[in-house]
Amino acid sequence: MNGFEFFTPTHVIFGRGCIADIADEAKKLGKKGLVVTDGGMLSTGLVDKVTGALDKEKMEYLIWSDVVPNPRDTDIEKGADFAKANGIDYLIAIGGGSAMDTAKAVGALMTNGGKCQDWYEGNLTKPIAPLICIPSTCGTGSEVTHESIVNNTTTMEKDCIWGPMVNVTTAFLDSEMLDGLPGKILASTGMDALTHAVEAYVCKASSALTDAIAIQAIRMISDNLEKAVKTHDPEALDQMMAASTMAGMAFGNSDVASVHSISEALGGLYDIPHGVANAMMLAPVSRLSVNGAPEKYADVARALGINTEGMTVVEAAYAGVDRMQEMADELGIPHFGDMVKINPKDFHRLAKTAAQASETEDNPVLMKEEDFYQLFEKLYRE
């Protein structure tokens with residue numbers, strides 16, 4: 001067994017309705033908070049659940065709702081300036097991965113100064129500002145990871161503020177936040193969580209601890225995602241919320257792999273939602289990666305509910321990949337060739353970006369630039 005480290009400093013609070021207690025945690029972090037969210041979240045009334053709990057305890061806060069999908073460095077820097085100008089002590093992020101990643105990066109600039117580009121090397125010298133995260137999707141796991149993904153507006157690629165200083169103080173996992181989420185978004189974010197769990201399990205950086213968490217997350221997602229999407233059953237939503245965080249814990253202490261190399265390239269260039277990009281690439285990349293970890297992919301197949309009795313390890317592994325694609329199709333995830341933003345003229349650029357991504361090195365089978373290019377060509381024609 002290889003040596004490993006496991007780092008999870010975030011206080012996780014789980015349960016339907018638990019955000020009613022947010023003021024108790026916020027009081028520990030300072031006098032004046034900044035709620036970081038987006039306009040869509042404001043319109044749903046979910047932010048009111050949080051601010052209502054703060055109002056009840058007469059706590060001082062401001063709302064900054066300029067979060068955008070695939071958060072850009074320029075927006076993050078504006079948010080940090082706003083926080084510093086208004087004497088903010090701590091942050092509360094409400095939303096999906098974009099809100100949480102934005103808040104992490106804002107918190108990094110609040111305490112370390114400078115601009116986003118100064119901190120892409122894991123070189124923060126001070127912990128980010130105290131941060132409470134309240135995920136409103138069941139996908140990103142950002143509430144327990146040690147990184148903030150940032151769209152670099154100069155290079156049109158994704159960069160990352162990362163390291164042991166990038167930690168959420170407290171995460172509230174309240175599945176009531178998912179009750180009104182459209183099925184389409186539940187589907188893509190749930191498949192995002194599945195991608196995190198699968199890649200954490202099969203990648204070269206995995207460990208016994210991350211394997212245990214990741215494989216259980218895969219089981220929970222397999223058993224509950226479709227029901228959550230179609231019925232919004234409270235127990236299924238609970239299971240998905242927990243599985244998403246578990247998957248985040250797993251890949252945050254292991255790694256992701258070439259699915260993410262591609263999704264980050266697509267997000268950086270085309271602004272395609274991260275969950276959608278991961279969901280449509282999970283099966284195609286896994287199919288190319290089976291030979292590097294056939295036994296692990298066979299484990300994934302069994303966790304996805306496939307009876308592998310009588311199959312060889314490789315047959316079982318590919319059956320699991322087929323099931324991943326079936327899930328994506330059943331949930332209405334678009335195919336690569338269906339995305340109107342995709343331009344074949346960009347394939348060489350996308351392939352180069354994906355090949356150079358750090359997580360590519362941990363894919364079970366090392367994919368080179370030509371491998372990514374050929375995959376894009378194949379999927380575009382299908």
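**Close-up views**

**View 1. The crossing of helices α10 and α12 is left-handed.** A left-handed crossing has the near helix turned anticlockwise from the far one by less than a right angle. The model is predicted, so local features need pLDDT of at least 70 and side-chain atom pairs count only at pLDDT 80 or more, whereas totals for chains, interfaces and linings use all residues. Residues are numbered from 1 along each chain as its sequence is written, and side-chain values use heavy atoms, with hydrogens and water left out. Helix α10 spans residues 274-289 and helix α12 residues 313-330; their axes come within 9 Å and cross at roughly 165° (axes are lines fitted to C-alpha atoms, for helices over the stretch in contact, with angles from 0 to 180 degrees between N-to-C directions). The two helices are therefore roughly antiparallel (an angle over 145 degrees). Helices are DSSP runs of H or I with at least four residues, numbered from the N terminus. From α10, Ala-279, Leu-282, Ala-283, Pro-284, Ser-286 and Arg-287 meet Tyr-318, Val-321, Asp-322, Met-324, Gln-325 and Ala-328 of α12; contact means heavy atoms within 4.5 Å. Eight residues of this contact are nonpolar, two polar and two charged (nonpolar: Ala, Val, Leu, Ile, Met, Phe, Trp, Tyr, Cys and Pro; charged: Asp, Glu, Lys and Arg; polar: the others, Gly among them).

**View 2. Helix α6 passes helix α11 in a right-handed crossing.** In this case the near helix is turned clockwise from the far one by less than a right angle. The axes of α6 (residues 183-202) and α11 (residues 294-303) come within 9 Å and cross at roughly 145°. Val-198, Tyr-201 and Val-202 of α6 make the contact with Lys-296, Tyr-297, Asp-299 and Val-300 of α11. By class, five of the residues are nonpolar, none is polar and two are charged.

**View 3. Met-191 is one of the residues with the most contacts inside the largest nonpolar core.** That core has 77 residues, and Leu-266 and Met-281 are also among those with the most contacts inside it. A nonpolar core is a set of buried Ala, Val, Leu, Ile, Met, Phe, Trp, Tyr and Cys residues joined through side-chain atoms within 4.5 Å. Residues up to four places away in sequence aside, Met-191 touches Leu-225, Ala-279, Leu-282, Met-324, Met-327, Ala-328, Leu-331 and Ile-333. Another core, of 30 residues, lies apart from the largest one and includes Met-100, Ala-103, Ile-128 and Leu-131.

**View 4. His-196 is buried in helix α6.** Its relative accessible area is 1% (buried is under 20%, exposed over 50% and partly exposed in between, with a 1.4 Å probe and protein chains only). Beyond its neighbours within four places in sequence, His-196 is in contact with Gly-139, Thr-140, Ala-247, Phe-251, Val-256, His-260, His-274 and Asn-278.

**View 5. Glu-25 is buried, with a relative accessible area of 11%.** Glu-25 is placed in helix α1, residues 22-26. Neighbours within four places in sequence aside, Glu-25 contacts His-11, Ile-13, Ile-132, Thr-170 and Phe-172.

**View 6. His-232 is a non-glycine residue with a positive phi, about 55°.** His-232 sits in the loop between α7 (208-231) and α8 (234-253). This residue is partly exposed, with a relative accessible area of 21%.

**View 7. Asp-271, not a glycine, has a positive phi of about 65°.** Its place is the loop between α9 (258-270) and α10. Asp-271 is partly exposed, at a relative accessible area of 34%.

Key. Parallel < 35°, antiparallel > 145°, perpendicular 65-115°, else oblique.
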